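Reader: I would like to go through a model feature by feature. Please give the general idea where there is one, then the case at hand.

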Amino acid sequence: AIAVVGSLLSLHIRKVPAAGAREPFHWNPFSEIAAGSRVILQQRTLTLSVIGISWFWFIGALFQLALILAGTEVWHVSESRVGFLVTALSAGIGLGSIAAGTLSGKHIELGLVPVGSFIMGICAIALGITGNYSWALGWLVGLGFGAGLFAVPLNAWLQERAGAKEKGRIIATNNFANMLGVIAASGLLSLLHDQLHWNAGRIILVVGVVMFAGSFLIVAVMPLACFRFVMRCFINILFRVEVEGAHHIPQQGPALLVANHITYVDSLFVGLATPRTARFMMRRLFYEMPVGHPIFRMLRAIPVETTTPRAITLALRAANEHLAGGDMLAIFPEGHITLDGEVKEFKRGYERMVRGLSVPIVPIGIGGLYGHPLSCKGGDCFRSWENVWRPRVTVRVGPPVTHAITPEDLRNRVAELAGYPRIS
């Protein structure tokens with residue numbers, strides 16, 4: 001009955017055109033798997049995604065099998081109560097998947113992957129050492145929740161990064177690898193439980209330790225995604241941010257983002273407007289600060305030497321080359337943080353950056369931050385608390401400019417987006 005209802009509901013899924021592949025049908029399925037594997041192995045991001053998703057299936061299968069044994073060996077419950085253990089795990093995965101979609105918003109948030117792995121590891125360790133059935137149900141819900149956070153972004157990333165003509169083949173190859181993970185889980189459980197005589201609780205504990213350690217490995221493999229996620233959480237905790245017009249920022253190819261400068265963390269607000277990582281130009285003095293240098297280097301910031309006109313010219317020329325190579329750059333043309341809240345005169349350096357290139361200039365206006373302690377006006381943490389804790393910040397993105405534009409006109413566009421009047 002459930003299958004019939006599901007089939008009927010599937011008829012209402014919106015139809016989309018085929019991806020465009022005209023590959024003839026192959027009777028040998030393993031030739032398709034081999035072709036898909038070659039494509040995946042050529043791209044590091046696809047390889048890591050498939051490994052991560054297969055690890056999820058491996059862990060899921062291992063836990064489902066281990067729970068059946070743990071129910072009688074560790075918690076000493078009936079078969080019907082063992083069924084509730086698997087149900088708790090499945091419910092957690094559903095909740096985690098919904099949370100992953102909510103936290104990701106309109107883009108793929110890979111920063112959730114190490115968070116999910118960390119939660120899975122902690123809950124699995126706790127599950128392996130608890131002898132209480134009720135606590136076990138709770139830890140299984142938490143473990144499943146972490147699994148949902150872990151798996152959903154990876155699946156979305158795989159489908160997003162797979163080429164249109166290779167998407168079906170890559171997904172099929174991924175599914176094949178996932179089932180190998182399931183088979184490996186069955187083999188490992190047989191080895192540990194039947195051959196080495198480990199009880200189910202010990203198996204769950206060891207797997208939890210491996211997952212906990214693996215979360216740090218994931219951070220090392222994808223530090224940029226993790227950093228962006230942490231900063232995004234940090235900003236949303238401290239501010240109520242409203243982003244408008246984010247669709248104006250190109251999803252690929254070169255672009256120059258131009259914003260007004262109110263606080264010392266404006267780059268974080270610009271970063272919230274796009275899932276892409278913009279390369280910011282910054283003074284070499286700040287770039288080489290010992291505390292921030294590793295972060296700036298990870299973000300691929302471009303240091304600018306401002307001591308001589310020649311150094312500035314070389315920096316602008318380098319920016320032009322980065323744009324020609326397809327990078328997205330971000331600058332604050334005022335050159336410094338505003339002292340009175342107004343958008344000041346724009347420097348002409350951006351014109352040199354886009355000279356000879358067909359690069360869209362995307363104006364961005366940031367409003368609502370002047371008076372915050374991070375601005376040059378500062379704030380009063382005791383008398384003006386509403387300006388400190390979660391003030392409302394607007395980040396408005398205007399239509400891209402694809403033609404030559406004067407500094408005055410560009411400044412006016414940014415000022416209007418930020419909520420300031422035009423300069424005549």
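Author: What follows takes the sheet, then the cores, then single helices and a loop residue. Keep in mind that this is a predicted model.

Reader: In what order do the 7 strands of the open sheet lie, and what is the pairing?

Author: The order is β1-β7-β6-β2-β5-β3-β4, and the pairing is mixed. β1 (240-244) and β4 (302-304) are the edge strands; each has a single partner, so one side of each lacks a neighbour in the sheet. On average, neighbouring strands are turned by 25° against each other, direction ignored.

Reader: How many bridges join β2 to β6, and which residue stands opposite A259?

Author: β2 (residues 255-259) and β6 (residues 361-367) run parallel and are joined by 4 bridges. A259 faces I364 in β6. Helix α15 (residues 407-418) packs on the sheet here, touching β2, β6 and β7 (392-397), and its direction makes about 40° with that of β6.

Reader: How should I think about side chains along a strand, and is β3 mostly covered or mostly exposed?

Author: In a regular strand, side chains alternate between the two faces of the sheet. As for β3 (residues 279-283), 4 of its 5 residues are buried, so the strand is mostly covered.

Reader: Which strands does β3 pair with?

Author: β3 pairs with β5 (residues 328-331) in the parallel sense over 2 bridges, and F280 stands opposite A330 in β5.

Reader: Turning to the cores, which residues have the most contacts inside the largest nonpolar core?

Author: In soluble globular proteins, nonpolar side chains tend to be buried together. Here the largest nonpolar core has 53 residues, and F63, L67, W75 and L127 have the most contacts inside it. The elements giving two or more residues to this core are α2 (29-42), α3 (44-73), α4 (79-104), α5 (112-129), α6 (133-161), α7 (167-195), α8 (200-221) and α9 (223-238). The largest share, 12 residues, comes from α3.

Reader: What does F63 touch, leaving out residues up to four places away in sequence?

Author: F63 touches L89, A124, L127, L143, I204, V207 and M211. Another core, of 25 residues, lies apart from the largest one; L316, L323, I361 and I405 are among its members.

Reader: How does the span of α3 compare with what its 30 residues should give?

Author: At 1.5 Å a residue, α3 should span 44 Å, and its end C-alpha atoms are 42 Å apart, which agrees. α3 also bends by about 30° at L67.

Reader: Which residues of α13 are buried, and what do they pack against?

Author: An α-helix has 3.6 residues a turn, so residues three or four places apart point the same way. In α13 the buried residues are A311, A315, L316, A319, N320 and L323. They pack against β2, β3, β4, β5 and α14 (349-353). α13 (residues 309-324) has 16 residues and reaches 23 Å from first C-alpha to last, close to the 22 Å expected at 1.5 Å a residue. Just after α13, G326 takes a positive phi of about 100°.

Reader: Where does H372 lie, and does it count as buried or exposed?

Author: H372 is in the loop between β6 and β7. Its relative accessibility is 8%, so H372 counts as buried. H372 and P391 are 19 residues apart in sequence, while their C-alpha atoms are 8.4 Å apart in space.

Key: Residues numbered from 1 in each chain as written. Predicted model: local features only at pLDDT ≥ 70, side-chain atom pairs only at ≥ 80, totals over all residues. Heavy atoms only, no water. Pairing = 2+ DSSP bridges. Axes fitted to C-alpha atoms, helices over the stretch in contact; angles between N-to-C directions. Contact = heavy atoms within 4.5 Å. Core = buried A, V, L, I, M, F, W, Y, C linked by side-chain atoms within 4.5 Å. Buried < 20%, exposed > 50% of the residue type's maximum accessible area, 1.4 Å probe, protein only. Expected span 1.5 Å × (residues − 1). Bend = angle between axes of the 7 residues up to and from the residue.
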